[in-house]
Amino acid sequence: MRARILVAYASKSGTAVEVAHAIGEAILQNGAVQADVMNVRRVDSLKGYNGVVLGSAIRMGSWLPEALAFARGNREALNALPTAIFTVHLLNTDDTPECQAARAAYIAPVLALFAPVDVRFFTGRMDHEQLGVFERLVAGMVKAGDSDQRHWQAIRDWGAGLPATLRLA
Ligand SMILES: Cc1cc2nc3c(=O)[nH]c(=O)nc-3n(C[C@H](O)[C@H](O)[C@H](O)COP(=O)(O)O)c2cc1C
């Protein structure tokens, strides 16, 4: 039977949804594995999966609460499976020690729960149309204009490598 990988994501304004689907499609290019792409809120159980890719957008310095709740709730299963995580964000993208520390802080609560074999950060998108009033205010404060900074080739390349990274193909 073909190995099955779950790509589970949390997203507030849609960017990470599209990233997760691009990862899922890239995984499927490897005919030896199956992939399901699903919002973490819709995942009832990890039963039947041979590997899990978990990703979240960042808001105010943290993964989204439902992604952290998913990691906490499925901690045991996530420790028994090969896993990888991705983070979609826009700040702290440089390679300075400060930015590296900020990125590490984004995922520290996740790494406290399980040990992914690979960890990736992707630059996302700011789309004010998709934001609520409070979020627009915060986005204005960080001077983030509308922009899509997703590097689709890098996202697809990472996805295509995941079956091997997770040792499932
Ligand atoms: C209110 C708000 C707060 C944000 N806070 C952060 C942050 O602390 N660090 C960061 O790197 N990106 C931050 N971002 C950028 C988002 O992570 C980025 O826009 C991402 O693509 C959103 O993904 P989503 O559309 O899947 O929710 C913030 C965006 C908004 C709108």
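**Group meeting: the ligand and its pocket**

Okay, let's start with the ligand: 22 residues surround it, and the closest are Ser 11, Ser 13, Thr 15, Ile 58 and Arg 125. Here a residue is near a molecule if one of its heavy atoms lies within 4 Å of it. Before I go on, this is a predicted model, where local features need pLDDT of at least 70, side-chain atom pairs count only at pLDDT 80 or more, and totals for chains, interfaces and linings use all residues. Residues are numbered from 1 along each chain as its sequence is written, and side-chain values use heavy atoms, with hydrogens and water left out.

So what does the shell look like? By class, the shell around the ligand has eleven nonpolar, seven polar and four charged residues. For the classes, Ala, Val, Leu, Ile, Met, Phe, Trp, Tyr, Cys and Pro are nonpolar, Asp, Glu, Lys and Arg are charged, and the others, Gly among them, are polar.

Now the backbone. An oxygen atom of the ligand is 2.8 Å from a polar backbone atom of Lys 12. For Gly 14, a polar backbone atom lies 3.2 Å from a ligand oxygen, and for Leu 90 the distance from a ligand oxygen to a polar backbone atom is 3.2 Å. A polar contact here means a pair of N or O atoms within 3.5 Å. Taken alone, the ligand exposes 650 Å², and the protein buries 96% of that (Shrake-Rupley areas, 1.4 Å probe).

And where does the ligand sit? In the largest pocket, meaning more than half of its atoms lie within 2 Å of the pocket's grid points. A pocket is an open set of points on a 1 Å grid over the protein atoms alone, where a 1.4 Å probe fits, with protein on both sides within 12 Å along at least five of seven lines; lining residues have an atom within 4 Å of a point.

About 530 Å³ of space lies in that pocket. Of the 26 residues that line the pocket, the closest to its centre are Ile 58, Arg 59, Met 60, Leu 90 and Met 126. The lining divides into 15 nonpolar, six polar and five charged residues.

Terms used:
Polar contact = N/O pair within 3.5 Å; in protein donor to acceptor, adjacent residues only side chain to side chain. Points joined across faces, edges and corners; volume = space filled by probe spheres on them.
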